[in-house]
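Have a look around first, and then we'll stop at a few places together.

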Amino acid sequence: MKRTLIFAALVSMGFIGMAQFPAPGAGGKGQSIPNIGHIYGKVVDSAGHPISDATVILLQNKYDSASKKRKDVLFKGLSTKANGEFNFEELPLFGGLKLKISATGYKVFEQNVAFQMKMPANGGAARQSGDPAQAMNAMSGMINSVDKDLGNIKMTVDMKQLAVVTVTASKPTVRMDIDKKVYNVEKDMVNAGGTALDVMKNVPSVSVDIDGNVTLRNAAPQIYIDGRPTTLTLDQIPADAIESVEVITNPSAKYDASGGSAGILNIVLKKNRKTGYNGNFRLGVDSRGGINGGGNFNLRQNKFNFTAAGFVNQNRGVTKGTNNRTDYTNPATPTNVDQSVYSKNKGAFVFGSLGFDYFMTNRTTFSLSGIKVHGRFTPTETDDIYTSILYPDSATNPHYSQRNTNSTREFNANGLQFGFKHLFPTEGETLTIDGNYFAGKNSSQSLYVTDYYTDGPGSIKNGLRQQKLDGDGNNKFITIQSDYVRPFNAKTKLEAGVRFNTQQLVNNQYNYLDTLGNGIFIPVPSASTNYKNTNDVYAGYVSFTSAIRNFGYQVGLRGESSDYKGELTNTKETFSHVYPISLFPSVFLSQKLGKKQELQMSYTRRINRPNFFQLIPYTDYTDSLNITRGNPDLVPEFTNSLEFSYLKTLKGNNTIMASVYYKHTDHLITRYLDTVPNPITGKTELINTYVNANSSQTMGAELTSVTTLTKWWDLTANVNIYNSKINTENLSQQAQNALWSWFGKLNTNFKLPAKLKLQITGIYQSKTNLPINTGGGGFGPPGGGAPTSASQGYIAAFWAVDAALSRSFLKQDAATLSIAVSDIFRTRWSKQHSEGPTFVQDYDRLRDPQLVRVNFTWRFGKMDVSLFKRKNFNNSGSQDAMQGMQ
């Protein structure tokens with residue numbers, strides 16, 4: 001080191017010419033100027049105590065060839081030691097450096113660093129004499145010029161940063177963007193211990209019916225997990241595993257065009273990338289004895305991130321209801337069926353996930369995650385059935401029968417996701433490649449025992465009939481996708497992507513009858529079926545975004561084609577459809593106004609293709625009160641959507657968003673009640689099938705607001721007023737009457753003394769037409785429910801209130817105890833009325849009213865505020881400076 005310093009001194013004093021050392025970037029040969037600078041110091045707080053693990057970096061101003069501008073880039077970086085000290089060596093003597101120090105809870109410290117190469121007073125004489133010894137004496141005062149002690153650097157507490165940390169830890173329940181709403185599940189106490197169905201009940205714009213069907217603006221949306229399709233149903237996803245739900249009412253060309261008119265609900269699972277380790281543990285029980293529990297863990301160290309989660313959720317659900325149906329299939333002998341239903345669902349499912357991220361370089365990340373779900377349920381149901389033949393002037397007592405159903409249902413699901421993300425030197429330019437695999441297996445056994453009586457309950461039995469149904473199947477989703485973003489400037493970018501998705505489905509059902517009551521079950525081939533199908537979708541999109549001052553626009557075009565092949569394996573019948581390429585444009589326009597206001601207009605075109613359940617000409621006689629069949633003549637439906645939105649940010653980050661929308665669908669796929677001979681009973685029965693109606697239209701207005709009234713009270717309100725109509729002029733019935741309806745949801749939170757929090761959620765649904773396409777994945781309501789048709793009925797008005805109370809305790813509020821009650825007033829009845837030329841039907845159900853859940857949560861962890869922050873996930877605004885740190 002001394003020799004190097006002497007060398008530098010001789011250069012500065014002129015004993016060695018500087019011409020021998022060309023400037024950086026100059027051509028020619030010669031020796032480069034050695035980096036011999038050295039700085040050191042100590043980081044302390046205002047009381048003089050050392051601050052460990054503070055981030056200390058040196059920035060150097062250089063010319064950036066990508067942006068063609070000079071910018072500060074990272075030269076060196078480190079973290080302070082336990083005693084607060086830091087040390088940099090081998091620094092350039094010429095050209096200024098900038099020292100930057102940051103630590104959580106403190107203001108950022110900045111200081112320019114330069115080495116002042118002062119000429120000694122006798123430097124000229126030493127040079128003229130040519131005496132190295134004299135030069136050595138002269139340089140003794142220069143050593144300090146390249147060896148700088150910065151002393152103790154005191155950091156100032158940043159109250160604003162501490163406030164920001166507090167706000168981040170308590171995210172609002174709903175965040176509204178102009179193109180979507182993001183519902184933060186973690187803050188919702190009512191959902192604790194429940195499933196994704198419970199989560200959806202509190203999401204703005206979303207409604208959940210008694211059978212678990214989810215609608216968005218009165219139509220069935222696509223359900224995604226982390227932006228990808230899934231085989232899981234909402235009742236197989238624990239609420240505690242969900243971070244947020246994204247509500248996208250009018251998706252752009254970047255998203256799948258399939259899914260019809262209702263948009264997308266994207267469930268984002270929890271995945272922590274904070275440095276250090278952290279996690280939580282949960283345990284709960286409900287008033288019916290159902291236990292839930294689990295936890296998650298995250299570890300981030302240097303280039304690796306690991307996450308793990310596991311949950312168990314028991315269900316002890318109870319449902320009761322009635323169904324009354326008058327059948328005019330035979331006008332001479334109309335019949336009336338009056339059915340009361342009481343069912344219990346007992347079982348549990350286990351949900352687990354593992355995730356791994358490898359930050360290979362500062363710009364490249366690989367991710368791999370997996371999901372495993374296993375469940376087993378044993379539902380039972382008792383149906384009391386009164387059947388009357390409505391002869392004119394008949395006084396005959398109705399026939400009474402009781403049907404008892406015992407079932408077992410088991411499922412296993414597995415998911416695997418791979419992700420690759422690369423950031424290019426140009427800010428915002430990215431390339432992602434994703435692979436997604438979801439697969440599931442299921443099996444079921446059901447025994448239906450019907451006892452016939454001479455005269456009501458308690459009378460003499462005069463008949464017995466047994467029906468057994470065994471089933472099994474599997475399904476697979478495989479998705480491969482790549483997206484590229486190329487920015488041209490701060491306001492203009494081009495996005496493009498390709499996607500391939502395939503779904504494979506296998507299902508086997510075997511129907512058996514024991515008509516004599518002797519325990520001998522005879523197969524019924526006409527009511528048994530085996531089938532399989534493959535559905536492939538090919539897609540590509542391009543989207544261009546730019547802005548002219550405060551006016552922004554995005555235009556996109558998506559192309560999709562698809563095909564499916566199906567086979568009834570027991571009869572060797574095959575079915576196939578090839579859908580040619582269809583184009584789906586999207587246009588988004590936005591205008592920013594003064595005072596934090598924004599207007600937006602959007603137009604999209606989407607498609608809803610009939611699925612295999614809806615297409616196969618198989619008649620399901622599993623439930624004699626709910627016979628279903630597909631329709632192979634169905635064609636896809638196309639929806640054009642237009643939406644205008646206004647977003648206003650008020651004082652205190654309060655927001656309000658108002659939207660008006662219009663949707664028109666051609667060839668609407670809807671449920672429809674028809675008649676068919678039943679080979680099991682030999683009678684003509686009502687059958688629930690699917691048809692293409694001429695068209696449908698929906699128009700409405702929606703208002704959503706997020707308001708913090710005081711420091712201790714905030715509320716989120718959502719109101720949707722809409723009119724829907726289905727044109728069924730092509731069918732043998734009257735067109736559905738247009739009906740104005742409204743749906744409202746209010747979520748309010750109170751911060752009470754003693755660290756108590758109270759949450760109250762209320763909903764109201766007015767009388768509305770039955771939602772369309774709610775039966776896309778299956779055949780009608782489970783458990784002996786009545787078939788319904790969107791074009792032939794309505795839902796009666798209902799309202800409900802849920803509430804939850806929680807208290808935090810332990811150090812840093814690491815533990816929370818909560819109690820929640822759903823449907824406090826037992827008013828969440830689902831009442832439906834439908835009618836047609838051959839029937840009139842009324843149906844009602846009430847599920848799990850006044851269910852009480854008690855849950856305990858404990859959070860743990862140690863955050864490592866280290867130097868190694870990545871541009872991929874850094875929100876500090878110093879992304880360029882942090883590049884190259886790993």
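Is Phe-304 buried, partly exposed or exposed? Phe-304 has a relative accessible area of 40%, so it counts as partly exposed. Here buried means under 20% relative accessible area, exposed means over 50%, and partly exposed is what falls in between, with a 1.4 Å probe and protein chains only.

Before going on, a word on what you're looking at. This is a predicted model, where local features need pLDDT of at least 70 and side-chain atom pairs count only at pLDDT 80 or more, while totals for chains, interfaces and linings use all residues. Residues are numbered from 1 along each chain as its sequence is written, and side-chain values use heavy atoms, with hydrogens and water left out.

Now for the overall picture. The protein chain has eight helices and 46 strands; these are DSSP runs numbered from the N terminus, with helices being H or I of at least four residues and strands being E of at least two. Of the 886 residues in the chain, 49% are buried. The accessible surface comes to about 40900 Å², and carbon and sulfur atoms account for 57% of that; the areas come from the Shrake-Rupley method with a 1.4 Å probe. Take the contacts between residues at least 6 apart in sequence: 69% of them join residues at least 24 apart, where contact means heavy atoms within 4.5 Å.

Back to Phe-304, which has a ring partner. The structure holds 22 aromatic pairs. Rings of Phe, Tyr and Trp (its six-membered ring) pair if their centres lie within 6.5 Å; planes under 30 degrees apart count as stacked, over 60 as edge-to-face and the rest as tilted. In one of the pairs, the centres of Phe-304 and Phe-356 are 6.0 Å apart and the planes meet at 35°, so this pair is tilted. Phe-304 sits in strand E17 (residues 304-327) and Phe-356 in strand E18 (residues 335-358), so to speak two distant parts of the chain, 52 residues apart. Phe-356 is partly exposed too, at 39% relative accessibility.

Another tilted pair is made by Phe-809 and Phe-856, with 6.3 Å from centre to centre and 35° between the planes. Phe-809 belongs to strand E42 (residues 798-809) and Phe-856 to strand E46 (residues 851-863), so the pair ties together parts that are 47 residues apart in sequence. Phe-809 is partly exposed at 27%, and Phe-856 is partly exposed at 27%. Elsewhere, ring pairs join Phe-297, Trp-858 and Phe-860 into a cluster.

Lys-767 lies over the face of Tyr-794, at 4.2 Å from the ring centre. A charge sits over a ring if NZ of Lys or CZ of Arg is within 6 Å of the ring centre and within 35 degrees of the ring normal.

Next, find the open sheet of three strands, in the order E4-E1-E7 with mixed pairing. Its edge strands, E4 (85-91) and E7 (147-154), each pair on one side only; two strands pair if DSSP finds at least two bridges between them. Strand E1 (residues 37-44) runs antiparallel to E4, and five bridges join them. Lys-42 has Glu-85 in E4 as its bridge partner.

Last stop: Thr-426, in the loop between strand E21 (399-423) and strand E22 (430-453). Leaving aside residues up to four places away in sequence, Thr-426 touches Arg-486 and Pro-487.
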